[in-house]
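Dear colleague,

I am handing over the structure below. My notes on it follow; please read them with the model open.

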Amino acid sequence: MEVLLTQPFVAECLDCGHQFPFTLNTLACPACGSQWSEARYDYTTLGRILPSLLSKRSFDLWRYRELLPIYEYNPSFSMGEGGTPLVHAANLGMMLGVPKIYIKDERQGPTNSFKDRQAAVGVASLKEAGITEAVLASTGNVAISYSAYAARAGIKLWAFLTSLVPAEKMREVAIYGTQVVKVTATYDQAKKVAAEFAHQRNLCLERGPKTIPSVESMKTIAYEIVEQLTAITDPEQKPAPQQPTPWQVPDWYFQAVSGGLGPLGVLKGFHEWKRMGLTERIPGIASIQAEGCAPMVHAWHDHREVADPVRNPRTHIATLATGDPGRNYTLLYQRTQESGAIFESVTDEETFRTIHILAKMEGLSVEPAAAVAFAGLIKAVRLGLVKPDDTIVVNCTGHTMPVEKMILGEGWSRDVDIPSRALPDIPEEGLISAIRHITAERFPRIAIVDDIPEARRLLRRILQSQGDYSIYEASDGRQALELAARELPDLIILDLMMPEIDGFGVLDALKANPNTAHIPVVVVTAKELTPPEKERLRGQIQALMQKGEFLSDELVDEVRALVK
Ligand SMILES: Cc1ncc(COP(=O)(O)O)c(C=O)c1O
Ligand SMILES: [Zn+2]
């Protein structure tokens, strides 16, 4: 075990400022009795030594161990938590007209959620305190993560889950050896039952933002984002130790929010990096809630510091069902006054639609709670809350497994039935006739005309991920006209701004040729059209879509209606 280099941290009361030594058993400030305190470190010293420490360490959350509330670093329960990739979402960015969208891919944690950070640091802290039994309430992911780490550390865990948590998740908790207690009530009520149980049995209770290791674990997301964005923006010149460095922060951090632990911890992380003198700015924090359980969003829009609890959450997204955020919201409200905040809600429907978009456009299978954050980003872009050149990081967590059956509906597979499967050698004709009905004989033929290769790739991907089409591409006006005359496609998707013959010219030529005049045209353009330009298109095209302003399924709906 490694005894850490710097001065140990202290707990500081959020109400009276009193500082006292942190232990998991100190539940209240010795001076005023408040249950709210936060860890403080020697930021001056750390700002000086951190860059050189980091340059020698592997990329997991323990690389920040001097900034975690652990006295002695003990890697024996580690499963590689933290250190998740920051992935550029090029297709989503192009679709939304906001190119710098990055995904903090927390799915790659040991149990696939960002709660692995909380469990790793939390269990390390329990272990250090010699605690062997603990209690928590959870909407699923916290219980899964804690159960995995508790199993490794030999800690007995009681998980109080609301009956809304999908059975698949409950079983995952149980398989790690945690005692699941299913509470048929809201999540807020389940939390109360868990607290009472812990109190009666004198067991340690995970208290979300009131538990110092939990908040501290979350801030490692912010630390990693700073390091990763810096490496992306400046791949050659890795920040050298000891010298003032251009560490990068995003403009916005997006996360789906239930109790608010994540954004509170992440915000603390960005503040600490600044306090250490390493960065200059604090990003805006975007907290996205499910519309049926959005107490923070309601309060924010009414400029209130205190959120009214939602007594009966109405959302299928059980993960985000904290109806009463209590002081967590108030802290988030107060602490984002200067740096900026977005609080928005999204419907379950928007969320499920976003799951499809992410899977089909970015190859990411995410759980509804994570899709809420992305649906919130789409909404924020449409509301103009996010600017096109902003750098955005979205927290992405979880797998779709428990919900795939809900969102895919019928008809998601095409079945091949080999008639003579008992025979060792299947006659070839049998195979051919079996696969014949997988697809239609002839697909609708679509020509994509755009001079930007990435734009053509995106349009092709949108169409091919949601239907069967034969796709032709042309990269300028002349090619487009040749292609149209030769292939006579069922539909043309046309860009307007192209060198030489632009979209208007193509349109005029198509209409002048009796062979191509009838082909429907959908214009997809980044151009802000002037009234005369709009007039020129009138009657000539079937639809006009502004690049960055439509979602993949909206384009597909348009195309389907036109090639029927
Ligand atoms: C995937 C996911 N997103 C978001 C949240 C919200 O967490 P919090 O508001 O506690 O940060 C949770 C909580 O379990 C979650 O599992
Ligand atoms: Zn106090």
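**What was found**

Residues 24 or more positions apart account for 70% of the contacts in the protein with a separation of 6 or more, a contact being heavy atoms within 4.5 Å. This is a predicted model, in which local features need pLDDT of at least 70 and side-chain atom pairs count only at pLDDT 80 or more, while totals for chains, interfaces and linings use all residues. Residues are numbered from 1 along each chain as its sequence is written, chains are lettered from A and ligands numbered from 1 in the order in which they are written, and side-chain values use heavy atoms, with hydrogens and water left out.

The protein has 19 helices and 20 strands; these are DSSP runs numbered from the N terminus, helices being H or I with at least four residues and strands E with at least two. Of the 564 residues in the protein, 54% are buried. Buried means under 20% relative accessible area, exposed over 50%, and partly exposed in between, with a 1.4 Å probe and protein chains only.

**Zinc site and the sheet beside it in sequence**

Cys13, Cys16, Cys29 and Cys32 coordinate the zinc ion (ligand 2) through their SG atoms, at 2.2 to 2.3 Å. Donors are N, O and S atoms within 2.8 Å of the metal (3.2 Å for Na, K and Ca); water is not among the atoms, so sites may look incomplete. The angles subtended by the four donor atoms are 104 to 115°, which makes the arrangement tetrahedral. Four donors count as tetrahedral if all angles lie between 85 and 135 degrees. The spacing of the donor residues in sequence is C-x2-C-x12-C-x2-C. Cys16 is in the loop between β2 and β3 and Cys32 in the loop between β3 and β4, so this pair ties together parts that are 16 residues apart in sequence. Cys16 is partly exposed, with a relative accessible area of 41%, and Cys32 is partly exposed, also with a value of 41%.

The strands named here belong to an open sheet of three, with the order β3-β2-β4 and antiparallel pairing. Its edge strands, each pairing on one side only, are β3 (19–20) and β4 (37–40). Two strands pair if DSSP finds at least two bridges between them; β2 (residues 10–13) and β3 are joined by two. Glu12 has Gln19 in β3 as its bridge partner.

**Ligand 1**

There are 17 residues around ligand 1, and those that come nearest are Asn141, Ser258, Gly259, Gly260 and Gly262; a residue is near if one of its heavy atoms lies within 4 Å. Oxygen atoms of the ligand lie 2.7 Å from a polar side-chain atom of Asn141 and 2.6 Å from a backbone N or O atom of Gly262. For a side-chain N or O atom of Lys115, the distance to an oxygen atom of ligand 1 is 3.1 Å.

Ser145 lies in helix α4 (residues 141–153) and is buried, with a relative accessible area of 0%. Beyond its neighbours within four places in sequence, Ser145 is in contact with Thr111, Ser113, Lys115, Asp116 and Ala119. Ala119 is 26 residues from Ser145 in sequence, yet the C-alpha to C-alpha distance is 5.7 Å.

In helix α10 (residues 327–335) the buried residues are Asn328, Tyr329, Thr330, Leu331, Leu332 and Tyr333. Their cover includes α8 (261–275), β13 (284–290), α9 (295–301) and β14 (341–346).

Regards

Terms used: Tetrahedral: all angles 85-135°; square planar, octahedral: opposite > 155°, others 65-115°. Polar contact = N/O pair within 3.5 Å; in protein donor to acceptor, adjacent residues only side chain to side chain.
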